[in-house]
Amino acid sequence: MFQPSQADVRRFFCGVHAKSQTGQPMEAIELLASQWIAEHPEFHAELSDLDGALARMNEVEPERVNPFLHLSMHLSISEQCSIDQPRGIRQAVELLTAKRNSLHDAHHEVMDCLGRMVWESQRAGRPPDGAAYIDCVQQRATKD
């Protein structure tokens, strides 16, 4: 399994942003990433400065969204849906997307569930609970 470093992730997203700005050809994963980058113009300045992004790797600003983590979560959710893993995530995200009338808004809600699952897994020292993750997304999709 590929486990990129924090610097690798920052290089990837900055590189994709640069390619999209200059119209360079991209691989499939880069095209998907560029679509999510386009949805987040508030990240474009930071994505345009690789050296700055690398220099700020260890800075933690609780009030600020980390664009690299945020975009990585979009990619993770997209990949989970494409292979329906954990089983049922595709349908749950589709239901939430229909409810919100926006894939982007649905992803942001799914991120809350994904983040909670990862946090609880790390806190308890157990593997991630895919069923609880799906339940969280389904609840958001079905609650009024």
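Is C136 buried or exposed? At 10% relative accessibility, C136 counts as buried. Buried here means under 20% relative accessible area, exposed means over 50%, and partly exposed is in between, with a 1.4 Å probe and protein chains only.

A word on the source. This is a predicted model, where local features need pLDDT of at least 70, side-chain atom pairs count only at pLDDT 80 or more, and totals for chains, interfaces and linings use all residues. Residues are numbered from 1 along each chain as its sequence is written, and side-chain values use heavy atoms, with hydrogens and water left out.

Back to C136. Its sulfur is bonded to that of C113, at 2.1 Å S to S. The count is one disulfide, taken as a pair of cysteine sulfur atoms within 2.5 Å. About the S-S bond the angle is -70°, and the link is left-handed. C113 sits in helix 7 (residues 103-124) and C136 in helix 8 (residues 130-142), so this pair links distant parts of the chain, 23 residues apart. Helices are DSSP runs of H or I, at least four residues, and they are numbered from the N terminus. C113 is buried too, at 2%. What about C81? C81 is in no disulfide. The nearest cysteine sulfur, that of C113, is 12 Å away. C81 is buried at 13%.

Now the cores. A nonpolar core is a set of buried Ala, Val, Leu, Ile, Met, Phe, Trp, Tyr and Cys residues joined through side-chain atoms within 4.5 Å. The largest has 18 residues. I77, V110, Y133 and V137 have the most contacts inside it. Helices 5, 6, 7 and 8 each give two or more residues to this core. Helix 7 gives the most, with six. Take V137. Setting aside neighbours within four places in sequence, V137 is in contact with I89, A92, V93, L96, V110 and C113. Contact means heavy atoms within 4.5 Å. There is also a second, separate core of 13 residues, and V9, V16, A33 and L47 are among them.

V9 and V16 bring us to helix 1. Among the buried residues of helix 1 are V9 and V16, along with A7, R10, F13, C14 and H17. These buried residues pack against helix 2 (28-38), helix 3 (44-47), helix 4 (50-55) and helix 5. Helix 1 is followed by G23, with a positive phi near 70°.

The structure holds one aromatic pair. The rings of F12 and F13 have centres 5.1 Å apart and planes at 75°, so the pair is edge-to-face. The rule takes rings of Phe, Tyr and Trp (its six-membered ring) with centres within 6.5 Å; planes under 30 degrees apart are stacked, over 60 edge-to-face, and the rest tilted. F13 is buried, at 2%. F12 is partly exposed, at 25%.

Next, charges. There are seven salt bridges, each a side-chain nitrogen of Lys or Arg within 4 Å of a carboxyl oxygen of Asp or Glu. R56 pairs with E46, with the closest N and O atoms 3.8 Å apart. R56 lies in the loop between helix 4 and helix 5, and E46 in helix 3, so the pair ties together parts ten residues apart in sequence. E46 is buried at 14%, and R56 is partly exposed at 26%.

E109 pairs with R100, at 2.3 Å between the closest N and O atoms. R140 pairs with D112, at 3.6 Å. R140 is in helix 8 and D112 in helix 7, so this bridge ties together parts 28 residues apart in sequence. Salt bridges that share partners join R100, E109, D112 and R140 into one network.

Last, the backbone. Which residues does a cis peptide bond join? The residues are Q85 and P86, with omega about 0°. P86 is in the loop between helix 5 (67-83) and helix 6 (89-100). D84 lies in the loop between helix 5 and helix 6 as well. Phi of D84 is positive, near 50°, and D84 is not a glycine. D84 is buried, at 17%. N101 also has a positive phi, about 60°, and is not a glycine. N101 is in the loop between helix 6 and helix 7, and is exposed at 72%.
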